[in-house]
Number of protein chains: 2
Amino acid sequence: MVYYIASTTAPVNIATLKYWGKRDKALNLPTNSSISVTLSQDDLRTLTSAATGPELRQDKLWLNGKEESLASERTQQCLKELRTLRKQLEDEDSSLPKFSMWGLHIVSQNNFPTAAGLASSAAGFAALVVAIARLYQLPQSMSELSEIARQGSGSACRSLFGGYVAWEMGKEADGSDSKAVEISPMEHWPQLKAAILVVNASKKDTSSTSGMQLTVKTSELFQERVKTVVPQRFIHMKEAIENKNWSRFSELTMKDSNSFHATCLDSYPPIFYMNDTSKKIVRLCHAINDFYGTYVVAYTFDAGPNAVLYYLQENEAKLFAFIYKLFDKVPGWETKFSEQDLQKFLEVYENDVSGKLQFEIDDELQKGVSRVILTQVGPGPLSTRESLIDENTGFPK
Amino acid sequence: MVYYIASTTAPVNIATLKYWGKRDKALNLPTNSSISVTLSQDDLRTLTSAATGPELRQDKLWLNGKEESLASERTQQCLKELRTLRKQLEDEDSSLPKFSMWGLHIVSQNNFPTAAGLASSAAGFAALVVAIARLYQLPQSMSELSEIARQGSGSACRSLFGGYVAWEMGKEADGSDSKAVEISPMEHWPQLKAAILVVNASKKDTSSTSGMQLTVKTSELFQERVKTVVPQRFIHMKEAIENKNWSRFSELTMKDSNSFHATCLDSYPPIFYMNDTSKKIVRLCHAINDFYGTYVVAYTFDAGPNAVLYYLQENEAKLFAFIYKLFDKVPGWETKFSEQDLQKFLEVYENDVSGKLQFEIDDELQKGVSRVILTQVGPGPLSTRESLIDENTGFPK
């Protein structure tokens, strides 16, 4: 039996200028442009293999070891568009095998626990689209493929690039100009790192799809965000990235996270994603920046309680003097640091911080946090020889 | 020794359309008009006695049994304006005793624990202004006096009326048209009741004065609230009160509470007044309304985590089936209900609610609440024969 197989990894991205609101639900067209940082795949990535062959009659999907349905409209739309592009190639060159007529087996695995509540759909749809595009040997650019990934999950389009990425909302009704573009590659500003504090959530939040529909429909402050606040912030944040202006970047990132959560609270009924632990982390970040008299850390929160803390490599010891001191009992530090390294952060705390502290360290805070994930800005999807599909059977290994 | 003494009580008011933002800090002129319900003084009131006499050289103040400073600019401004009005009377009629030349002793007491975190400054300044105005036998109307109380504490102006009260923001730079007016007296819609859930707060929030300054200065969504959202809501809420349209009134009340807190969250650094308990109460209220398929309860939150739940007398059993069931261990129910009454609420829960419940009752919730205060719409300031000042000494009894 002959199976054609291609594999790729795709990264998670965390928006610094938030996507919240669709102007077209079917096409996943957003009410505003957004900006994100792509995170390193050493720490957070989806690996996806796609296989096809003349014997495969049906499309099938396995996610993290379990067979899952491919029936969702969003997934179907992605597969249809990719097949259409492949069909065009086959029509132009009759020597090409008829991949567009055959079934697809897709096998996907994350290297991080789904339970962490990190939005994995962006990496998932990005990997799915790129793996199939490579299998099909499509000539389309990453920006063009991002229009397909966008239809799977809006923010997935941003995971097609590494570094600093904009999703331009576009104007066309058919979505043909709503796509991701690179603002700057990771090499432009490689010093950006992230510490993700995974916050315990007692119950599932409103899904982001239904949450953003509710906000668009009911928040009376939302139009101001979309029409005035975000367009200006988009220009300023792009400039901040291009100029590696960390203070500007971090201030805009924090303000935009708060603005997004404010429109959630202004929805009816209101939507709450941040909990008391999230808020204490917000206060802590402002207290740390106040302590140093400069921007050392910038928080951002997606549609859930987890805090993503961005910082520059040069400020790591300053930041970790606080956050390792505060969250030393949660797992995750050992992935990047030796006991000796960690001890040094405590020494910075003892020597430089504790005597001058104007606020109280809350020992209870770390009970609200289950894990820290340490990572940094990273590249876009990467081809890999690692395959999740057995080349003899066309099924998961 | 001769002492002239007057005493008054003044009520607490809870805004249903929130005051948040000053356009003039010195004069306490607001960025938007607001609306409130005056609560019954049986449950929440300040009693203030004011005395003067030729022997009193100094102004002195006693609050809840302790001497306090009168040095704050806001208090000084109120005393100055009241003395000016008295002076005008004395200039017109030389037979009047020269109260405006003498010192004032002011003694004030709340009938509720200050620790409850209920904004007592509104009732406090309203009582101070009315007590002195009565002592001085000023001919000014309550609306005119409300301009003086406003300068002590913005929302105090609304405590000069009973029932349903609007604070019209006005346009004049000197604040002469920024005053409280009655929308409807309590008799117009006497069925409105309130259950206040006093929520445990771990630490003092940002004061409302500095909080609102920060919001005006930094929130990019705030101008939309002030210029577009509130002016429309003001008209609609007045109409809802005039027409006793409970559904409309409760929806607008909840939306405006959320809108106010959204602009706090959009401030930089963000301000959080509601905590996880507050949010669970919000969700509970929506769940109760969903359960009955109609508006049974409306929440509103001031600059703190306490929930004020408005409801109509006719829906008391429906609401209390839930909230007595959930908060039965906190004190306060016994102030209005016998054991037998309370048992009936549990019966309503068992018979009508528990079997059909679509959501889970959270037994942990009442740990976040320390007390319930049961009250209702009430009258404005009331003259009283009760006096806190000894007529022989001019000092507190």
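**View 1. Polar contacts between domain 1 and domain 2 of chain A.** Across the interface of domain 1 of chain A and domain 2 of chain A, nine residue pairs are in polar contact, both residues at pLDDT 80 or more. A polar contact here is a pair of N or O atoms within 3.5 Å; within protein, one must be able to donate a hydrogen and the other to accept it, and residues adjacent in sequence count only if both atoms are side-chain atoms. On the domain 1 side of chain A, β2 (13–17), β5 (34–38), β10 (164–168) and β11 (179–184) each supply at least two residues that touch domain 2. Strands (E, at least two residues) and helices (H or I, at least four) are DSSP runs, numbered from the N terminus. That side of domain 1 of chain A divides into 15 nonpolar, 10 polar and four charged residues. Ala, Val, Leu, Ile, Met, Phe, Trp, Tyr, Cys and Pro count as nonpolar, Asp, Glu, Lys and Arg as charged, and the others, Gly among them, as polar.

This is a predicted model: local features need pLDDT of at least 70, side-chain atom pairs count only at pLDDT 80 or more, and totals for chains, interfaces and linings use all residues. Residues are numbered from 1 along each chain as its sequence is written, chains are lettered from A in the order in which they are written, and side-chain values use heavy atoms, with hydrogens and water left out.

**View 2. The area buried between the two domains of chain A.** Domain 1 (4–185) and domain 2 (192–376) of chain A have bounds from an automatic or database domain assignment. Together they bury about 3000 Å², 71% of it on carbon and sulfur atoms. Buried area is the accessible area (1.4 Å probe) that two parts lose on being put together, summed over both. A:T16, A:K18 and A:W20 supply 29% of the area that domain 1 buries against domain 2 in chain A, more than any other three residues.

**View 3. A salt bridge at A:K18.** A:K18 pairs with A:D302 in a salt bridge, with the closest N and O atoms 2.6 Å apart. The term means a side-chain nitrogen of Lys or Arg within 4 Å of a carboxyl oxygen of Asp or Glu.

**View 4. Where chain B meets chain A.** Look for B:E220 and A:R233, whose side chains meet in a salt bridge (3.0 Å, N to O). In chain B, α6 gives the most to the side that touches chain A, with nine residues.
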